Each structure stands twice: as C-alpha cells, then as structure tokens.
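Reader: I should like to discuss the terms used to describe this structure. Please set each value against its criterion before drawing a conclusion.

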Amino acid sequence: IAPIEGEPYELSYDVLVMAAGSVARTLPIPGLAEHGVGFKNVGEAIYLRNHVLGRLDAASSTDDPGVRRRALTFTFVGGGYAGVEAFAELEDMARYAITHYYPRLSAADMRWVLVEAMGRILPEVDLDMAAWTVKQLTARGMDVRLNTRLESVTDCHVRLSDGDEFDSDTLVWTAGTKPNPMLAETDLPVDG
C-alpha cells in the first residue's frame, strides 16, 4: 500500500475487493464533451451548485430576454438516480434562491428539462414509483422528456430527438457510467 503520506507498506489479506468506482460514460454526441458537466463526485456537485447560482446572477443582471431565457434553462440528460436527484435538488435550490435573493426573477422564469432515452425514469425502482416521480416533477413545472435523446449541443443550443431545440447555458450529463479506467492499469481480475 502506498499511502498519500508516509512510507509504503505491505498488508496480507484473504480476499481483496477493489471498488474503484466508475466514471461518466459519454457518447459521440456533437458538443457533449465540450459542454456537458457530470454529476459523479463532490467536485462536480459543487461546480453545478455554483454554476446554477451564477446563471441566476447572469439572468438577474440583464434585460435581454434571450440571455435571460438561456441562463435560466437547465438541461439534464439521464433519468437514473443521479440525474433525477441533481435535477430535483438543483431546481429546489434555485427556486429558494430566486424567492429569497433575486427580486428581479420569478421561479416561473426558469425552465428545467430532463431528457431520458427510455420510456421511463428511475429504472432502479418499480414503474409505479417512477411514474409518481414524473408526476411530482411535472407538478413543479419541470419538463420530463421520455423516449427522447440529446442529438447535439453547440454554442449553448440544445437539439433533441423529438425535434425540440432551445438555448441552454447548462447541460448536465448523467446518462451512464463505465468502470474506472484505472483498473486497466492493474493486474487485478475484473468481474464482468
């Protein structure tokens, strides 16, 4: 073992479990690698919180309706646990911030779009719970797009497979993971 600080040492074991986690899996979608932000670790979560608050600042400080609309449009791709959690929690935080700190903005000015390629969100839970969650999100004025894919994102312009196109300063990608590439650099067996 090579600790961050201190001398390397050896440790005997009976069973070794390597749990290196996963990293975001991106697809070859034009603009995704340049504009998409993940939600896999604390650093990305902090970045997204600050980014959303920064977009509220930008919207509050302009009278240009196009700039304001783009700043207040938040697009999330991926309807698993991470995507739905980020989508709902960040909208809740932004709604609170607008209500308490941004008198020039209204919660109705925001647009929150969740894009999911499958016909349901939250594949980890049963269909009734997934449907209930969609109902709760849409009751909050959030837009949930099922059976829809991200086609491209260029210059803050989002194009979806259902034909919709809109400007958005925020694109969060939570549509999949892959094993940590660090594992390829070891001689450890990989269960598949």
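Reader: In which segment is Ala184 found?

Author: The model is a predicted one. In it, Ala184 is found in the segment after strand S9 (177-179).

Reader: What makes Ala184 count as exposed?

Author: Exposed requires over 50% relative accessible area. Ala184 has 64% relative accessibility, and therefore counts as exposed.

Reader: How far apart are Ala184 and Ile121 in sequence and in space?

Author: They are 63 residues apart in sequence, and their C-alpha atoms are 31 Å apart in space.

Reader: How many helices and strands are there in the protein chain, and in what order do the elements run?

Author: The protein chain has five helices and nine strands. From the N terminus on, the order is β-α-α-α-β-α-β-α-β-β-β-β-β-β. The C-alpha trace spans about 65 × 40 × 30 Å along its principal axes, and 36% of the 192 residues count as buried.

Reader: Why is Glu91 called buried?

Author: Buried means under 20% relative accessible area. Glu91 has 1% relative accessibility, so it counts as buried. This residue lies in helix H4.

Reader: What makes the pairing of Glu91 with Arg140 a polar contact?

Author: The criterion is a pair of N or O atoms within 3.5 Å, one able to donate a hydrogen and the other to accept it. The side chains of Glu91 and Arg140 make such a contact at 2.5 Å. Leaving aside residues up to four places away in sequence, Glu91 touches Met110, Trp112, Arg140 and Met142.

Reader: Which residues of the largest nonpolar core touch the most other members?

Author: This core has 32 residues, and those touching the most other members are Leu56, Phe76, Phe87, Met110, Trp112, Ile121 and Leu137. Two or more residues come from each of helix H2 (42-60), strand S2 (73-77), helix H4 (81-101), strand S3 (111-115) and helix H5 (127-139). H4 gives the most, with eight residues. Apart from this core lies another, of twelve residues, including Leu32, Val115, Val153 and Leu160.

Reader: What does Phe87 touch?

Author: Not counting residues up to four places away in sequence, Phe87 touches Phe76, Trp112, Val113, Leu114, Leu137, Met142, Asp143 and Val144.

Reader: How do you know that the span of H2 agrees with its number of residues?

Author: The expected span is 1.5 Å times one less than the number of residues. For the 19 residues of H2 this gives 27 Å, and the end C-alpha atoms are 27 Å apart, so the two values agree. At the start of H2, a side-chain oxygen of Asn41 reaches to within 3.1 Å of the backbone nitrogen of Gly43.

Reader: Which residues of H2 are buried, and what covers them?

Author: The buried residues of H2 are Leu48, His51, Val52, Leu56, Ala58, Ala59 and Ser60. Their cover includes helix H3 (65-71), S2, H4, S3 and strand S8 (170-173).

Reader: Why are strands S5 and S6 said to pair?

Author: Two strands pair if there are at least two bridges between them. Strand S5 (residues 150-154) and S6 have four bridges, in the antiparallel sense, and therefore meet the criterion. Thr154 has His157 in S6 as its bridge partner. S6 also pairs with strand S7 (residues 165-167), in the antiparallel sense over three bridges, and Arg159 stands opposite Glu165 in S7. The hairpin of S6 and S7 has four residues between the strands, and Gly163 in this hairpin takes a positive phi near 95°.

Reader: What makes Asp155 exposed but Cys156 partly exposed?

Author: Exposed means over 50% relative accessible area, buried under 20%, and partly exposed in between. Asp155, at 70%, is therefore exposed, whereas Cys156, at 25%, is partly exposed. Asp155 is found in the loop between S5 and S6, and Cys156 lies in that loop.

Technical notes:
Residues are numbered from 1 along each chain as its sequence is written. This is a predicted model: local features need pLDDT of at least 70, side-chain atom pairs count only at pLDDT 80 or more; totals for chains, interfaces and linings use all residues. Side-chain values use heavy atoms; hydrogens and water are left out. A nonpolar core is a set of buried Ala, Val, Leu, Ile, Met, Phe, Trp, Tyr and Cys residues joined through side-chain atoms within 4.5 Å. Buried means under 20% relative accessible area, exposed over 50%, partly exposed in between (1.4 Å probe, protein chains only). Contact means heavy atoms within 4.5 Å.
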